[in-house]
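Please read them beside the coordinates.

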Amino acid sequence: MAKNTSVKTIKERARETKVIREADVVVIGGGPGGIGAAVSAARNGVDVVLIERYGYLGGMGTGGLVTIIPLLTDYFGKQQIAGITKEWIDRLIARDAVDFPKKEHWGSLDKDIVRYYFQRSFFMTRLDRVSYAAIIDAEISKVILNEMVKEAGIKVYCHAWGTEPIMEGNHCKGVIIESKSGRQAILGKIVIDSTGDGDTFPYAGIGFEDDIPGNYRISALALCFWVDGVDLKKATDFRKNNPKEAMEMGRKAMESGAFGGYFASNLPNQDSIVWFHNRYANKSQVDVEELTRVEFEGREKMIKTYDFFKKNMPGFEKSFIVLSAPQLGTRSSRRLIGEYFLTVKDMADNQPFTDTIAVFPDLDRGQASLDHPNMYIPYRALLPKEVDNMFVACRAFSSDKDVQEYFNLIPHCIAFGEAAGTASALALKAGVGIKNVDIKALQKQLAKQGVPLPDVAKKVSYKYAGPALVSAPFSQH
Amino acid sequence: MPIKPAVKTINEPARKTRVCREVDVVVVGGGPGGISSAISAARNGAKTVLIERYGHLGGMATGGLINIFPNLSDASGKQHIFGITQEIIDRMAARGGASYPKKADWGTTDPKIVDYYLNANLGGFYIRPDHNRDMKKAVLYTAVIDPEILKDELNDMVLGAGAELFLHSWGTQPIMDGDTVKGVFFESKSGRQGILGKVVIDSTGDGDIFVGAGAEFDSALDNKRRTAWLAFTTWVTNVDIKQYEDFKASQPDKLKELNAELLKSGGYPHFMKGILENQSGVLWYHSFQPQPESSDAMDVEQLTSIDVRGRKRALITYEFMRKHVPGFEKSFIMQTAPQLGTQGGRRVIGEYILSEKDMVSDEVFEDTVAVLANNDNGDISAKHPALCIPYRCLVPKKVEGLLVACRAFSSTDKINQYFNIIPPCLCYGQAAGTAAALAVKGGIPVRKVDYKALRKNLVKQGVNLPKS
């Protein structure tokens, strides 16, 4: 590839850009954060516009083929993430398009039950216990999310890329969108950045960090893909009856440049299909040249994997790649330095913040998680310092790399969105700035929407008294 | 609360935008037109950049799930389209990623063979009635490809040619100097940037670049045409085809009744067996979305509502079939096309406007750069099985430094519908990319490219051209 990097600039003339909408709240990005934000703002009675780059909603949960909403119960088995996440799952249940452990098994330490779920899905056990994780149908989810935003009365722009905030000093007046209709503007009283990458930060002068060590999960990109036409029973029987050969085959696959393993779909009636999840090292997930390079690398490796399995693995004889993710699996990039900056210290503190707006089960850090069952998220972690009317409701929330590593997944982002959207509506109704929202009223409203929240007044001290940990943590640095 | 449409504007101040590349040829859009533009420009020695909005190449052929290269031959079986189209099919066949009728069968009307292909994957595309042979069904040369393998193969071809790619990059506006295009602005996760080029090729499908360049264009579409509609394509998998076909054969009336009921409830009963032969059990739903009034594939509000409606319709269809039709009990929606199926839109006003009369003139233009089979025009097709495309259809009348190589080529609404699909776009791209490289080499405007030299070069690349 010819490298021809130039550093010059070109002058663009001033221009008049057409304003196509004026709304109360403008949400950029229709991933989990944006959905949570838009739906909860609209349900609380304000005008909402939601801008989405692709033709469907759901972000990584649909277009990224990361069809998993994990970590919903703490290790006691208590559901801590509910609200709009629960609603999404409930609507999937009604359509027979979701799979998760039975409620009576959540938190169970029973070895047989844990083994059963472990074999069923890697996501369904944590810390020697059964963990509530939902495996979802991507296509049905797209329809359900459309229904949710439609019912809430949100004006959606699909196939529209929200590229720049329209700034006036420390105030964001709206957003520029690019689409087949050309460059246009949408104005709003409150703007919510749910782009996943904090795309507005550089333009709005919002402070952020973006360092990620190479051994962190969040440093890697993914290009997930699905292989259909698999005789899963045949493959599973082969692995069960020939464990040594199966292991050897996985090793050989990796040696040949392929991926070694796959996940079963687990959804009702979908046993002809398996899911390949993966990690690609990169320098940055917001550098368009890196994104392009990883698309190529991922697609090459996908074909190698497919060729290997088709040739060698019983059950894959008639398989074919049915889909590679339309969206590259981005895991982390820019992280806000907001009004409160969550750090590794907060992952050892069991006292909830007075402005807690979400509780996240802490399950991936082994003993450290046993000592700290839940992570509390303050409202301030969604607020940029430099702008008076913007929220960050996505994985770009205010956090250091360690907090980000564990708490930037789909259900977390929905929770950020639900808090930001609800707060937007409360602020507009009360005629106050978003930084002066009545926190107690916000918490009360969130609780009414089914969001589990702690008693922030209660002093908490916690010491783990359960059995010693046997299984290895999900990830370690 | 109702949202009020606004009519005001905001002022964006002047700014400096980073230029990240300076090259010979910038191609905007990685669909069929853009791919072959980039490949042929790069193979002819031009430093070339290709900008693509999604993470994969192929446009409608991959992300739109329109995995068909139809009409490569006329109804008599004579192949007209070669060049990069044939190269892609050869490469795909070598990887088990293509299926098409055997060469010996092209043009045959033997009912047994015709039936065989009608019953094959996406079978309807292999067959056309031949007006010269009492409307008997004839086998065409049409190829069906595996979109996932195609994505990888196109990456290889573009990079192998030496072009550079920017994926996840939306080329939005031309960089202008008077009437001359000097490059392109694009949006991506890296922010707004510019790429400068001596020639820009608009392969956006919708002429997104030529609008900003001030080129004249026509966007009128007759609402009854295919090109005025959008399509929402869906794959449903895990279907027991045999069981379904047994049901269809034994209870045709019951099936008719069910289909009527499905239509009434807002679903879409038409499908074909999808992808390749070994991928049975996958069905292809190409759900047209006719518009009540006029449709506009460039209006973001219409695109949004069509996407929402198409998705709902796919779900209604799937749930109905699963519940009521034998063979569908364990089916599920495998995927919906990541790209909405746009079929027509703006058409540039070029140096030559291709029109209906060109279908009957048999004119061999001195600047013919492609020959296309003309299979869908009844008696006209019978008498005039092929059509020549002049280079001037790719050259906008007013703007300099710009070529149009996609379905937005210079043509009337009526003729555009027959010659705006994947293989023609690959032909336009091959001509435009080659011409762009020749213009850069010769230091001349694209409008002034020597037709003889261009045609000679294209023939050398394996493009089928008549002697003028």
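**Notes on the predicted model**

1. In β2(B), R18(B) is the bridge partner of T9(A). Strand β1 (residues 9–12) of chain A pairs with strand β2 (residues 15–28) of chain B in the antiparallel sense, over four bridges. Please keep in mind that this is a predicted model.

2. Taking the contact between the chains as a whole, 72 residues of chain A are in contact with 74 residues of chain B. On the chain A side, strand β2 (residues 15–28) gives the most, with nine residues, and by class this side has 29 nonpolar, 19 polar and 24 charged residues.

3. Within chain A, the domain assignment gives domain 1 (18–114 + 121–220 + 331–477) and domain 2 (221–324). The centres of domain 1 and domain 2 of chain A, taken over C-alpha atoms, are separated by 29 Å. Contact between them involves 18 residues of domain 1 and 14 residues of domain 2 of chain A, and the domain 1 side is made up of six nonpolar, six polar and six charged residues.

4. D137(A) deserves a separate look, and it lies in the loop between β8 (134–136) and α4 (138–151) of chain A. Is D137(A) buried or exposed? D137(A) counts as buried because 23 other C-beta atoms lie within 10 Å, where the cut-off for a buried residue is 20 or more.

5. Leaving out residues up to four places away in sequence, D137(A) touches L92(A), A97(A), V98(A) and L267(A). Of these, L267(A) is 130 residues apart from D137(A) in sequence, yet the two are 7.3 Å apart in space, C-alpha to C-alpha.

Conventions:
Residues are numbered from 1 along each chain as its sequence is written. Chains are lettered from A and ligands numbered from 1 in the order in which they are written. This is a predicted model: local features need pLDDT of at least 70, side-chain atom pairs count only at pLDDT 80 or more; totals for chains, interfaces and linings use all residues. Domain bounds come from an automatic or database domain assignment. Two residues are in contact if their C-beta atoms, placed from the backbone, lie within 7 Å. Ala, Val, Leu, Ile, Met, Phe, Trp, Tyr, Cys and Pro count as nonpolar, Asp, Glu, Lys and Arg as charged, and the others, Gly among them, as polar. Helices (H or I, at least four residues) and strands (E, at least two) are DSSP runs, numbered from the N terminus. A residue is buried if 20 or more other C-beta atoms lie within 10 Å of its own, exposed if 12 or fewer, and partly exposed in between; C-beta atoms are placed from the backbone. Two strands pair if DSSP finds at least two bridges between them.
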